Structures are given as structure tokens and as C-alpha cells.
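Please open the structure in the viewer and keep the selection panel at hand.

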Amino acid sequence: MIEIKDIRKVYKGGKVAVDGITEVMDKRVTTLIGRNGAGKTTLLRMLSTQLYPTSGTALINGLDIVRDAAKIRKIVASIPQEASPLGILSPYEQVNMYLLGRKFNFSDAKKAANDALETVGLWDVRNKPSDTLSGGMKRKMFVALALASNAELVFLDEPTTGLDPLSRLEIWSAIKKLSGNVLLTTHYMEEAENLSDVVYLQDSGHIIDRGTVKKLLSRFAGKVRVESQTELSDSFRVGGIYVKYDTIENSETYIREGRTVKKITLDDLFIMRGVDLES
Ligand SMILES: Nc1ncnc2c1ncn2[C@@H]1O[C@H](COP(=O)(O)OP(=O)(O)OP(=O)(O)O)[C@@H](O)[C@H]1O
């Protein structure tokens with residue numbers, strides 16, 4: 001369980017990246033979504049004890065991120081966005097070394113490393129030097145590391161950015177197999193919908209909404225998103241096109257007129273928010 005208490009981060013130069021968040025996160029898979037610069041990575045880095053808050057704090061399974069940082073590091077695994085493997089070591093060697101560092105014994109480390117590498121689809125390349133692997137394979141190696149660690153809580157910052165669709169599915173299935181809770185960030189709404197028990201919507205350093213995907217999308221119940229190159233009644237302009245929300249029953253009319261009709265996704269929370277900001 002993560003209990004965040006009025007946490008704030010102001011970077012040198014005065015940028016307020018996280019502006020007083022208070023939340024309790026107690027579900028198995030929690031996802032933070034938000035636009036670039038919303039402060040997701042900053043929040044994740046503070047919760048995983050890699051960055052000191054400017055003020056406020058948080059408890060991870062009852063341990064304080066500032067006072068008990070060393071203890072927290074033993075029970076969490078954290079995979080940053082920019083993680084890169086040591087080139088000369090193979091995926092097996094890296095995962096194995098990481099587990100030995102976490103005090104696994106030799107035979108447990110070997111088994112856990114092999115199982116995790118197989119699960120994420122890296123079995124065939126497990127003994128190749130990491131610098132010969134593709135970017136996607138390197139990301140998978142870090143997910144294998146989290147999977148093998150048996151951590152009580154795993155932080156994953158954009159775990160599938162840049163991966164092809166099949167690799168993304170492999171990572172999703174590995175995330176579902178993690179034994180502990182997971183806090184992840186993503187820009188892929190499909191990923192948030194597929195994995196999350198609860199989604200937090202972050203904007204300008206604040207959490208502006210939270211809930212299950214179903215709850216967050218409930219305001220769009222029975223609706224579709226209509227996109228058009230030309231203005232429609234009650235439409236609004238977003239990124240060079242016109243958008244409106246209308247009932248599913250009216251879809252056929254729009255399709256006949258050559259408009260694009262789309263199913264509602266978490267993207268619509270951002271599209272609607274764009275509208276709120278403009279109005
Ligand atoms: N070390 C730093 N020094 C100063 N400002 C920073 C630093 N790191 C991040 N920022 C700023 O803090 C804000 C939040 O950044 P952060 O990386 O937490 O956002 P994010 O939501 O993770 O973005 P993205 O989705 O692009 O990864 C941004 O305006 C960013 O430029």
C-alpha cells in the first residue's frame with residue numbers, strides 16, 4: 001500500500017513538478033497517466049526513494065520514503081524509463097546478478113532468472129551480450145528483472161515505450177504475473193485499460209481524477225467519438241480536427257457522411273480536458 005501525504009517536488013530553478021499530492025493507492029496494478037511533463041516520473045522517483053521530496057512524504061507498506069529508504073529498497077524493484085543494461089553482460093547474467101544482490105541464493109537466483117527470461121520472451125537471447133539486443137529486448141530484460149525479484153512493489157516507468165505490438169503483449173503478460181503490487185506510468189491508453197485496477201490522472205503536478213477505467217469513462221456511457229475535418233454542430237477543435245461526442249445510435253449517420261467514428265477510450269479524458277481548458 002502506498003500512502004502519499006501532501007508530497008511536493010520543486011526542482012532547482014523553481015519548477016514545481018509535483019504540487020501537493022495526497023492519495024492512498026492500495027490496488028494491485030495502479031497506473032499513472034498524464035501528458036508529458038505532468039510529473040509522473042517525478043512522483044514515481046520519489047516513491048521509489050530515488051529522489052527526495054521537497055516537502056511531504058509517503059509510506060510504502062508502512063515505511064517512510066525518507067526515514068526508511070534503505071528498508072524500502074529491499075522490498076521494491078524500480079525500473080526507470082532510461083534504464084540501460086551493461087553491454088557486455090547477457091540478460092541472464094544481469095538478472096542473476098541483480099537477484100544475488102537482493103540476497104537470493106545461487107540456485108533460487110538461477111531458477112528465477114531463467115523463468116523470468118522465458119516469460120518475457122528472451123529465452124533465445126538469454127546468453128547473448130546485451131549490447132547486441134534490440135531496444136525492445138533491453139526493456140524486456142528489465143521487466144524480467146522486476147518479475148524475478150519477487151518485490152512487494154514494482155515501479156515501472158513507461159515499460160513498453162518503443163516496443164512493437166507483440167512485445168508489448170509479452171510485457172503485459174509478464175506484468176500480470178508479478179507477484180507484488182505494481183505502480184506504472186504509460187502514455188498508451190490501451191495499456192492502462194488492459195492492466196490497471198485503478199488509474200490516476202495526473203496534470204501539472206496534481207492528481208485530477210482517479211478510479212477504475214469504467215468509472216473514469218462513465219460520463220461517456222452510450223457515446224462514441226466523432227471526428228471530422230469540417231465543423232459539426234456542437235463539435236470542438238482539437239489538434240486540427242473537429243471532435244464531438246454523440247450517441248452510438250447516431251453512428252451510422254456519421255459514417256454515411258464520411259466522418260470517423262471511434263470507440264471511447266481513456267484518450268477521451270484528455271480530449272475532453274482540452275475542451276475544459278479552452279472553454
Ligand atoms: N532534474 C530536473 N530539473 C528541473 N526540472 C525537471 C527535472 N526533471 C523533470 N523536470 C521538470 O519537471 C516536470 C515534470 O517532469 P516529469 O519527468 O516528472 O514528467 P512526466 O509526467 O514523467 O513526463 P513524461 O510523460 O514526458 O515522461 C517537467 O516540466 C520537467 O521538465
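Begin by selecting strand 7 (residues 153-157) and strand 8 (residues 181-185), which pair in the parallel sense over five bridges. Strands (E, at least two residues) and helices (H or I, at least four residues) are DSSP runs, numbered from the N terminus. Two strands pair if DSSP finds at least two bridges between them. Within this pair, Phe155 stands opposite Leu183 in strand 8.

Before going further, please note that this is a predicted model, in which local features need pLDDT of at least 70 and side-chain atom pairs count only at pLDDT 80 or more, while totals for chains, interfaces and linings use all residues. Residues are numbered from 1 along each chain as its sequence is written.

Now extend the selection to the whole open sheet, whose six strands follow the order 6-7-8-3-9-10 with mixed pairing. Strand 6 (76-79) and strand 10 (206-211) stand at the edges with a single partner strand each, so one side of each is left without a neighbour in the sheet. On average, neighbouring strands of this sheet are turned by 15° against each other, direction ignored. Such angles run from 0 to 180 degrees between N-to-C directions, and the axes are lines fitted to C-alpha atoms, for helices over the stretch in contact.

**The ligand**

Select the ligand next. Which residues surround the ligand? They are Tyr11, Gly13, Lys15, Ala17, Gly34, Asn36, Gly37, Ala38, Gly39, Lys40, Thr41 and Thr42. A residue is counted as near a molecule or strand if its C-beta atom, placed from the backbone, lies within 6 Å of it. Helix 1 (residues 40-47) contributes the largest share of this shell, three residues. By type, the shell divides into three nonpolar, seven polar and two charged residues. Here Ala, Val, Leu, Ile, Met, Phe, Trp, Tyr, Cys and Pro count as nonpolar, Asp, Glu, Lys and Arg as charged, and the others, Gly among them, as polar.

**The hairpin**

Strand 1 and strand 2 form a hairpin with five residues between them, and Gly13 in the turn has a positive phi of about 100°. Seven bridges join strand 1 (residues 2-10) to strand 2 (residues 16-25), and the two run antiparallel. Lys9 stands opposite Val18 in strand 2.

**Two packed helices**

Select helix 5 (residues 135-149) and helix 6 (residues 165-177), which pack at an angle of about 10° with their axes 10 Å apart. Helix 5 is therefore roughly parallel to helix 6. Angles under 35 degrees count as roughly parallel, over 145 as roughly antiparallel, 65 to 115 as roughly perpendicular and the rest as oblique. From helix 5, Gly136, Lys140, Val143 and Leu147 meet Ser167, Glu170, Ile171, Ala174 and Lys177 in helix 6. Residues are in contact if their C-beta atoms, placed from the backbone, lie within 7 Å. The residues of this contact comprise four nonpolar, two polar and three charged.

**The two domains**

Colour the chain by domain: domain 1 covers 2-211 and domain 2 covers 219-278. These bounds come from an automatic or database domain assignment. The C-alpha centres of the two domains lie 34 Å apart. How many residues of each domain are in contact with the other? Seven residues of domain 1 touch five residues of domain 2. On the domain 1 side, helix 7 (189-195) and strand 9 (198-203) each supply at least two residues.

Finally, select the open sheet with the order 12-13-11-14, in which four strands pair antiparallel.

How values were computed. Two residues are in contact if their C-beta atoms, placed from the backbone, lie within 7 Å.
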